[in-house]
Each structure stands twice: as C-alpha cells, then as structure tokens.
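Subject: Structure for you to look at

Hello,

Here is the structure I said I would pass on. Please open it alongside this note.

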Amino acid sequence: MIKITLKDGSVKEFENAVSAADITKEISMGLYRNACSCKINGEVKDLRTVVDSDCAFEVLTFDDIDGKKTFNHTASHIMAQAVKRLYPDVKLTIGPAIESGFYYDFDIETPFSPEDLEKIEKEMKAIVKEGLQIDKFELEPAEAIKLMEEKNEPYKVELINEHAEKGEPISFYKQGEFTELCAGPHLMDMKVVKAFKLTNCTGAYWRGDAKNKMLCRVYGTAFPKASMLEEYLTMLEEAKKRDHRKIGKELELFTIMEEGPGFPFFLPKGMILKNTLVDYWREIHREAGYDEIQSPMMLNRALWERSGHWDHYKENMYTTVIDDTDFAVKPMNCPGGILVYKTKMHSYKDLPLRMGELGLVHRHELSGALHGLMRVRCFTQDDAHIFMTREQIKDEIKGVVSLIDKVYSTFGFEYHIELSTQPEDSMGAKEDWDIATDALRDAITELGYDYEVNEGDGAFYGPKLDFHLTDCLGRTWQCGTIQLDFQLPERFELEYVGSDGEKHRPIMIHRVVFGSIERFIGILTEHFAGAYPVWLAPVQVKLLPIADRHLDYLYDVKKALEAKGIRCEIDDRSEKIGFKIRSAQLEKVPYMLLAGDKDIENNTISVRSRKQGDEGATTLDDFLARILEEVETKAL
C-alpha cells in the first residue's frame, strides 16, 4: 500500500501508483476543480505526476503562492500560443510566472503596440474557449533539439543544449498546435483561466545581458474569476496614484538624476523623513541592548575573499585598485562588523554582543532593474550582527522577531514569515545548516508564528527568516530578515573564552528590520500615499495667515511650536486663503493653523486637519498637547 500523508496529518492509502490529480479527486472533487498543482515531499509538482511511494502531499490552489505561479505560468503559455498564431515569425524565449502575474520575452522586429496587445488578448480568449487539453511529454535531448530546430526556435535550442549535458529527458507541454519547452508545472487544462489582462510591454535583453539581443517583454496577469481581475486592475490604478517616484517629486523628498542612475539624492524634506526613521531605529535599538558601530565603506580584496563575497557576489560589487591592491566598495556590512568583534578577545560574559550599523552599501544592479527607491545601487542598510553562544541562539532569534514585530506594528503593517533553506551555492557542512535551520524554525514556532518554507533560498552562508509585510493595497514587500551563520565565524576564526577557560567559536546572526532605509521610505510613501503620520511628516504644521497683518501673530505661534520640536512652515505668499489651504492639502500636511482678526482678539488658532477638515478654534496650548501626544505615541 502507498501511504499519502495529507497536510492535516490524515493518511490515504492506495494499492497502486496513482496520479496527483487522482489523489486530489479522492480528497474532494471541489478541491480538484480549484487545484493548480501540488507539493510532494515539499517539492512543487504537476498534478500529472505519478506517485508510486509513501509521501507527504499537499494540494495547491490559486490562494497558495506556488499554486498561483502554476496558474500564471499556464497563462503565459496561452499568451505565447496566441502570439505565434498572430505573428508566426516571432521567436520564443522564456515566459515565467512572477509575483504580479507573468511575462514572456519575444524576439520580434517591431515591439508590440497597445493595439497589438488587445489583439493578443482577444486571441487568448479564443484559445481558452477552445478548451484545449494540456499534455506533457518528454524527449531525449537529441530529439528535443531536432523538434525545436524544425520549429525554427533558436532560443529553445540554446536552452536544450545547456540541459543536454545532464543527459536527462527534456520535458514539453502541448496544447493544440502549440508545443512549448517547459519544466512545468501547469494546470490540467486552460478552461479555468477565465480572466486575464496584458498590462505592459517593455524591452529586455536576452538573459539580462546588454551584449545580447533586445527582446520584447509582454507582462500580464491572470485570475480564475473576472471579479478578481477587476479588483487587481483597480489596485493597479490606485498604485499609480501612490507611486513613490511621483509623490517623492511632488513633495520634494528625493530625486534621481541622469548623473547617477540608481543613486538617490535626498532633498531637505526627504532628509527630515529619513533622519526621523534613523532616530527611531536608534531609539529602539538602544532599548534592545545594541551598541552602534560604523565600518569603512571600502575594504581590500583579501577581506572579501575570506568572507566568501569575492567568489559568491563579485559580479554585484564595485571594485577599484589602491596602491596596487584590489579593493571593493562594501555591498554588505557583515565583514566590517566581524573585524570590530575581533578588535579584542571576548569572554562568554560579554555575549550576546549586539552591534548595530546604519551602513551605506553599494551593489551593482542592472539598469533595467532600477526603480525609484525600491531598487537602487546605493542604500543604507539597517544592519545588526549578534555574536552569541550556541545556548543563546533561540532566545536571540526570539528577541529579533519581537523587535521586528514592534517596528512593523508601529507603522500598521501586517506581515508573514518565510523560512529559507540551504541553496545549491552555499558553503559549510550540512550538519551546521541543519542545526541553524532547526533553531530558526523552533524559535518562531515557540513564539506561535505560522511560516512558509522557501526551499533553497537561503543566503550562501546560512538559512534565514524573511519578513514580508503587506501594505494597504495588499502588496507584499520583503523587508526584515534574520540570517543564522555558522560559516563566517569559522572563516574569520572568531573566538570567545568560555566559562571553562577554553576558547570557543561564537555563532552569528545577521539581521535587518527596515532592510534598506531608502526602500522602506518608498514603501511607506506608497502605503500612506504621502500622507505620513504626524511623527513622520517632514512638515507637521502649516501656518496660514488670512491676511498679511496676521503674519506677526503666526510667527509667535511658529516659535512656540518649534520650541516643542514641532516642524512647521508659514505660507506668507500674497495669495487668498483658499489657495493656501489647497496648497497645504496637496503637500499632505497633517495640520493647518489659520489666524485671522478674531483669532488674534481671542488668542486662539483655527485648526484644519488632514483627516477632519475644519475643526474650529482652539488655544495653542490645547493644540500643542494634542500634537505632542500624537508624536510621542507615533499615532497612525
């Protein structure tokens, strides 16, 4: 008997080998109708997969990340089929699922226009209506190459040649006249792909290399229900309004110039926002027992070779030569933090040693990947490195998780956690990796957190917990991370003197909370649409005189506000009050204080808030008490 252990722990038994699809039907026909793919012993598989031995089995629907990927990947094949029908001379390359849907890169002489995308969508709908069966088959490499050569698909031949070295069969998926080289998984049929939209068309180099040919990349998204697509498109429209690049320009926060693509310039108001976040970071880290350090921005090649970055990360590093020695601008802060640890011998009584660093790092990103503050080449990483004994691992992980939870709660973010395990390109013994992975898993389990496993996506030196926060539009952003590292302490021969008087090797945690200060500002800007909470707002109060004769009164108010640390500005332009109010609203200032003859006579101010509008007159003392409480409590 073959025993199939389901997600809830129950077991189903089958006498003979059985397909994943049939297992799903046995569980529930309703579940089968919604199934996209499955997990067999933790690996995402096609529902066509035959199960012939005992295993853990989980059905994946559109509500699961991997199920959604299967759904969107099938949609990318439908798009490719539609393109080949309409433009037979187009050459196919790759069409993966991505977080927002899917894309496909086509080799075509003239890029697709918006009108072309409409034609392709129409043809996709016709293909779905045909209800074509999706079949999987395999060929030996030589046969696979012959098939793609006959179809005049040179990019597919190139891909097959790379896989042919392994000698394994090459898999294809066929739907009607369309045959696609693909490892899968895919939906059982395409009838469930009921709603889709091609959203954008851009250029992309083959394999992301500027030396290769420029291809035409078409982006799209797909859903099992039209209502879900409608909600998504509405979200996209809202996201355009909230684009941090647009708001950053309007609110004079930051800019990126032609002289430095990927290198953001922060303007005065943007620096207020950035420094406020930095001040908050320092405050919570002091409370949590961290000492702040700073390491150099550039260090020599020998250090990066020792850390492993030269071998594993060199293509993303900026390098130079100083006095005939290779140097690299730091892409990460950890080797510098390690050198600080090594400045003296530590005792077990010093541990855990928590060292925080707001380090400016530089990483080479492809120009096509740059996006405002979200993907830059220079950013401030809110790093910290914790050096500890093996016995302290679990408690330190719990402490970092609690710190991250406190920060995200302050900004009103919900989040989920992913546990990323050992990648293929890693260093160190599997035994250490297993110990580290179990420590991360046990810590969050004991804290009561659910988590998802992201197989093979750990750092090259250790497994990690990634924290994905959700913004007000439902989008997720990976920000915080906790990486447990047995390898770098070994490479750098870190030591401490134990209670037995002998030297021992510490364990190291790498962690960030914001991830990147710059990127976090981009996320906050889109989450709040530029209407930051009072404590974060670059300008917290705008002072608006009804007429010039009221200016002196408001200058006194300004002094009183600034004496309490409130950031404020006076609009002293010779404009009507309605115009000034509208300007302050566009600047998304939390509060406006107006003054006219009656306010001067009664020694009051008239309050307008961003949320409530006109709130009437009050005393300055009452207003100060209110706004100071909002700042102190970091009210949302």
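Below is what was found, by topic.

The model is predicted, so please read what follows as computed from that model.

Aromatic pairs

There are 23 aromatic pairs in the structure. In one of them, Tyr87 and Phe112 are tilted, with 5.2 Å from centre to centre and 55° between the planes. Tyr87 belongs to the loop between helix 3 (65-86) and strand 8 (91-92), and Phe112 to the loop between strand 10 (101-107) and helix 4 (114-130), so this pair ties together parts that lie 25 residues apart in sequence. Phe112 has a relative accessible area of 6% and is therefore buried, the cut-off being under 20%.

Phe137 and Phe172 make a stacked pair, at 5.4 Å centre to centre and 15° between the planes. This pair also links distant parts of the chain: Phe137 is in strand 11 (residues 135-139) and Phe172 in strand 12 (residues 170-175), 35 residues apart. Phe137 counts as partly exposed, at 27% relative accessibility, whereas Phe172 is buried at 0%.

One aromatic cluster is formed by Tyr280, Phe411, Phe413, Phe514, Phe520 and Trp535.

Charges over rings

Lys25 places its charged end over the ring of Tyr32, 4.8 Å from the ring centre. Lys274 does this with Phe266, its charged end lying 4.8 Å from the centre of that ring.

Helix 16 (residues 517-528) has twelve residues, which at 1.5 Å a residue should span 16 Å; the C-alpha atoms at its ends are 16 Å apart, so the two values agree. Eleven of the twelve residues of helix 16 are buried, which leaves the helix mostly covered. Among the buried ones are Glu518, Glu526 and His527, along with Phe520, and Phe520 is also a member of the aromatic cluster. Just after helix 16, Ala529 has a positive phi of about 55°.

Ala75, in helix 3, is buried with a relative accessible area of 0%. Ala75 and Tyr103 are separated by 28 residues in sequence, and their C-alpha atoms are 9.3 Å apart in space.

The second largest pocket

The second largest pocket holds about 440 Å³ of space. It is lined by 18 residues, and those closest to its centre are Arg33, Asn34, Ala35, Val192 and Pro224. Helix 2 (29-34) and strand 4 (35-40) are the elements that give two or more residues to this lining; helix 2 has the largest share, with three residues. By class, the lining has eleven nonpolar, two polar and five charged residues.

Backbone points to check

Most residues other than glycine have a negative phi, and most peptide bonds are trans. The places below depart from that pattern.

- The peptide bond from Gly184 to Pro185 is cis, with omega near 0°; Pro185 is in the loop between strand 13 (178-181) and strand 14 (195-205).
- Leu351 and Pro352 are joined by a cis peptide bond with omega about 5°; Pro352 is in the loop between strand 22 (346-347) and strand 23 (353-362).
- Asn41 is not a glycine, yet has a positive phi of about 50°; Asn41 lies in the loop between strand 4 and strand 5 (43-45).
- Asn603, also not a glycine, has a positive phi of about 55°. Asn603 is in the loop between helix 19 (597-602) and strand 35 (605-609) and counts as exposed, at 55% relative accessibility.

Regards

Notes
Residues are numbered from 1 along each chain as its sequence is written. This is a predicted model: local features need pLDDT of at least 70, side-chain atom pairs count only at pLDDT 80 or more; totals for chains, interfaces and linings use all residues. Side-chain values use heavy atoms; hydrogens and water are left out. Rings of Phe, Tyr and Trp (its six-membered ring) pair if their centres lie within 6.5 Å; planes under 30 degrees apart count as stacked, over 60 as edge-to-face and the rest as tilted. Helices (H or I, at least four residues) and strands (E, at least two) are DSSP runs, numbered from the N terminus. Buried means under 20% relative accessible area, exposed over 50%, partly exposed in between (1.4 Å probe, protein chains only). A charge sits over a ring if NZ of Lys or CZ of Arg is within 6 Å of the ring centre and within 35 degrees of the ring normal. The expected span of a helix is 1.5 Å times one less than its number of residues. On a 1 Å grid over the protein atoms alone, a cavity is a set of points where a 1.4 Å probe fits but cannot get out, and a pocket is an open set with protein on both sides within 12 Å along at least five of seven lines; lining residues have an atom within 4 Å of a point. Grid points are joined across faces, edges and corners, and a volume is the space filled by probe spheres set on the points. Ala, Val, Leu, Ile, Met, Phe, Trp, Tyr, Cys and Pro count as nonpolar, Asp, Glu, Lys and Arg as charged, and the others, Gly among them, as polar.
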